[in-house]
Structure formats: structure tokens, C-alpha cells
Amino acid sequence: MNQYYPHIFEPMKVGNTIFKNRILNAPSSMKDLGAEDLLTDNNISYYRMIAKGGAANVTLGDVIVHPTGCVDYSYKVKMFNRKNLSRFYDLTTAVKQMGAIPSIEFDHAGAHFTDRNRINYGVSYIEKDMFGNEVLEMDKDLISEIIDAYGQAAYNAKYYGFEMCLVHAGHGWLIHEFLSPVWNRRTDEFGGSIENRCRFGVMVVEKIREYCGKDFPIEVRISHSEGVQGGTELEDAIAFAQALEGKADMIHVTHGSLNDSVAENYSMPPWFLPRNLNVEAAAEIKKHVSMPVGVVGAIDRPDEIEQFLAEGKIDYVVLCRGLIADPEFPNKAKSGHADEITPCIRCNTCISCGYDNTTLKCSVNPIIGLEKYHEKPKLPATPQKILIAGGGPAGIQAAIFASKQGHQVVLCEQSDELFGLLRYADKEPFKEDLTFFKKHLLREIERSAVEIRYNTKVTPEYVKKECPDQLFVAIGGDVIVPPIPGVEKGIPILDIYKGKAQVTGNKLVILGGGMTGCEAAIGFAMQGKDVTLVEMRNDVLIGAGFMQISILKVKMKEYGVKVLTGTKCTQINEFGIECVDHAGNAMQVASDQVILSTGLSSRTEEALALMNAAENARCLGDCHKIGFILQATRNGYDAAMNL
């Protein structure tokens, strides 16, 4: 029995398969696939890293079972292309070497993905979907063919070393479309009653069992609520789980649908939504079935997981983003070092990478996307003296990783507090995850050998006096003050976050539609204020990831934030702002106060002067290029690992 988390690290037996603990890995897919969608060495290194971190299983995600189940513009591994199978043995061997059970998730997109260059099929006919494409109703012959494709996929997966599978029956994919009253308008044995709507999913599981036998655990992922009006609710999920009793081996409970701009956010809950948001629904489903029930969805704190298991609400948890942020999550918890776990901040950068078909990345774990590079043994470094100017996230990460490599690191911060602008990034009430991350970073650097010098501004003279072997310049950026008449009447958003200014008015205008401006607009609107956001470009959130854009636009609409894009402010006065819209029309927007969120500029001149004072220097973070936490974290890691 584990002395720290006895319930988490109690083995779980499912059929003849033993899971070494109750932390399973939720499916994650790779979009940086090789030619013809083959898994690459780096992809396999990622899954090996998750397995090495101590998860009980590791799941290859989003594997398509039939040609009608995907589109060419979304890169995915395909079970119907035998070339795709060629790397499976390498993957399953890598996972098993590290002591985890290899699993594979089977998907069919149905009408979620469509393309005008092919025939699109779904559960029911749609004249025009959200992309303007026609979707044909699957006939029974095609239904039978797809069901058999699931069975063949599982058989091939088992042959290549996978020891279980996950059938995705949630998030608006094909099986969920059959379950959903919104999507399923059939009048045959696959439509109408809940029993009929469950039929397709049940037949899929039965076919896999027929192909693979009883000693191949089948886990089924279900959405306890579709999250759209008229869609599936908890009672439907319970009925489906009961229909799977004696056929599937495990149920894991999720939420939402990717077919709706609001509901998609429940599928990968961002920081606006509560953590552990599916636990109570999973507990209710567990009351109605005898097989193990797990839960996924913003679960990333061992104490809470232990409590859910101890209370009998669930049998296991399923982590994806938590294991991306820190693959060593299980090992650290097991050894009593839970306070060293890097917390997921739920920024959904990783999810956005999938939509962009790019390499998986993480804002708080710079190793993600560089797994193959990172796992190569690094030759012992000749200790160097490293001077770092600036204690923001880039400087902190550079300091931590350089210190781990055995270098003498001096980190200078000109104020009396670390984190740079990150210290203000959690001022909105919905960003508790960032507060948690900052506390983690502070613990990490304080337990390291890094020497921190507060209230120390690095100048060229200081660099010459210290004579470092390597200088890292991470001095950040400056707030842009736009050349607008009356700009002094506006309040910089940072002054509000620093406590230097207060918002007393009820009617507000926010200038600037980047991440900070949009989040501030939502925060003020949540307080009941009348907020208008003004952005001179043609859209807000330019440069943000897909999932960040999705949730922020949803929340701005939900809280009534008025958004004016293509609109340039020409003057700030005591009544509000004067501006010109995209057509050149002058307009007045009345407000009690004007808040400036007009971005940052890099401190390039100051950075250049510092770099000229050192023999070897590198520029990191915002003083190199304005970016998000992701770029700062990666900059710091790259600098330290290339010493």
C-alpha cells in the first residue's frame, strides 16, 4: 500500500488485465505524422515518456477505422491503411518497456468532419452542415461495413501489441451522433428510442469482442451530456452504459460535443470551467453498472483524486493534459513529491495544436514536441557561470534547466518579485490555474541551486563586472502607449492589475482585442459592467490558439461584451472615445472609463546594449519577440539545454 495515496496506487483488475494504479492516460493524437500518416520516432518518444512517468496505460488517440471517418485536411493515423500499422509494434514495445499497458482509441468522425471534395456520411441526412456541405444518411450496408471496420481495427491493433482499446462514443463523433436526438432522425432500428439509438455503439463493442476475445479490455468513452439543447443528457448516458453492461469492460465519462462552439469547450474544459466537472456525473453512472467507471476532464491534483477514489465515486481517473504538463505526475505523487508536479494551466495550447495540424506543444512543459531530442543522453556540461537578466517565465525556466545541467546560475530581477508580467496574468477570477503554476515555479527555483538577486538591474557595466561565460537577456517588454489624443485619460490595464488605478465606472470601453483585452472584458462583464471592446484589426485574438479563441468568444457573447472590430480610436475624451470604423465612418462610443490593453513592445535597444557587453549572449522571451507563456517557457529551455 502506498503511504501517500493508497487509493490512487491500488492496482485495478479488469478481466485478466491488471492496471498498476488508478491513473490512466487519456487519448492524445499526433498531427506531426510522417509520410502517409506514419507515426514518427518523436511521436513514439512522447508515448514512451508518458509510460515512463508511471501512468497505468498509455493511449494512442484518434485512430480512424474507416475511410468515411476522416478528411484529408486533418492528419490522423488510419487503421484502413496498412502502412500506418507499420510503427505500431515500435509504439507498443516502447510503452510496455516502461511498464504501462498500450491502448488505442478508435474513432469515426461521422458528420463532424466533412469536405466538399468527397461524399460525406452521417447518421442522418443534412442538406447543408456548418461547412456548407451535404451529408448523406448511412444505409444499413455502410453501417455494417463500418461496424466490421471497428472489429478489424481492434484485431490488427491486438496483433501489433496493443493490449486494450478505447472506443470513442462521445464528443459528437459518429457513435455519439447515433445516440443524439439532435443528430439522429432515423426511423429504422437505429433511431427513435434510446434503445435503438444505443444499438450502433453496442454493435461496435460486440464486433470488437468477436474479433479479439474476452482477454482484450474494451473501454468506452461517453459524454454524460452533449451540452446542446435537445442533445443527450445524463439519463441517456446511463442507458447507454447499461446497454454496454456485460459487453464492454470499462466506462470513462467525459462531457460535451465538438459539433457546437459552446459544447466543444466542455470536452476539454479551459480555465473558465470548474475542474473535476464530470466527477459527479460519473459517480451517478457508476451506481447503475458493475464495471469500472473512470472520469476525465480537468483532473490534475492528487489529493482530490485520492478523495474521489476513497469516497467510491469513481474507480479510476483519466488524464491527458495533466500528463502533458508533467508526464512524471504519477511517479511524483507515488514517491511523496506531489508538490513538484508541474500543473496544467488549462490554456488548451495542446488542443489548439491539433486543430492547426502542428507538433504537440505545452505552455508549461517545454519538452513536449522535443521528446526525441530530450531523451538523448546529454554529455556532462563543463560548468559555466550563467548570468540571467530578468526574472520572468523565460528567465526562470532558463535558470532552472541550466542549474539542473550543473551550471552556476545567477538570476537578477530588478524588482522585489519574480514572474515579470506573469505576476499579473492571474488577476481575473477565472485564472486560478495560473496562480497554481506560479507557486509551482517559485518552489522549483527556490529548491534549485540558482542564486536569485532581487532589486538588481543588470546594466552593461554589471555584465562586465560579473564577467559571465553566458548571458541570457530576458528583460521583457514595455506597455505600448498608442499615440492617440487624450490617451492620458485612459487607464492602462496593468495599472489596474497592479492596484495603481481603480475601475469605478459601470460603462467601460477597452481598447485592444488581444488575449489580455478579451479576458479583461469578460472579467468586468462578469461583475455586471457594460463593456465594449474596440479592436482596430479585423478580428480579435489574432495569434491565439483555436481553443483559446473559441472559449473567449463564447464567454464574451455569454456576458454581453460588445465587440467592435476594424475600428480605430482617434481620440479619448471625457465622454468616451471617438473612432472610425472599417468603412471610414466616424462614431462616438460613450463610456465612464477607457481601459488601455494595447499590447507590448520588445525592449530591443536595452537588450542589444546588454548583449554587446557580453562575450556570449542570447535574448529570450518578450525582449526577443512578444509571445505567450509557451514561447517564454520554450525559449528558456532551449537556451539552457544548448549551453
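Author: Among contacts in the chain (heavy atoms within 4.5 Å) between residues at least 6 apart in sequence, 70% join residues at least 24 apart. This is a predicted model, in which local features need pLDDT of at least 70 and side-chain atom pairs count only at pLDDT 80 or more, while totals for chains, interfaces and linings use all residues. Residues are numbered from 1 along each chain as its sequence is written, and side-chain values use heavy atoms, with hydrogens and water left out.

Of the 643 residues of the chain, 60% count as buried, a word that here means under 20% relative accessible area with a 1.4 Å probe, protein chains only. A nonpolar core is a set of buried Ala, Val, Leu, Ile, Met, Phe, Trp, Tyr and Cys residues joined through side-chain atoms within 4.5 Å. The largest such core has 180 residues, and among these Phe106 and Val220 touch the most other members. Its largest share, nine residues, is supplied by helix α3, residues 140–159, where helices are DSSP runs of H or I with at least four residues, numbered from the N terminus.

Leaving aside residues up to four places away in sequence, Val220 touches Leu166, Val167, Ala169, Val205, Phe240, Leu244, Ala248, Met250, Ile251 and His252.

As for the background, the chain holds 21 helices and 27 strands, strands being DSSP runs of E with at least two residues. The C-alpha atoms fill a box of roughly 75 × 65 × 50 Å, taken along the principal axes.

Note on methods:
Buried means under 20% relative accessible area, exposed over 50%, partly exposed in between (1.4 Å probe, protein chains only).
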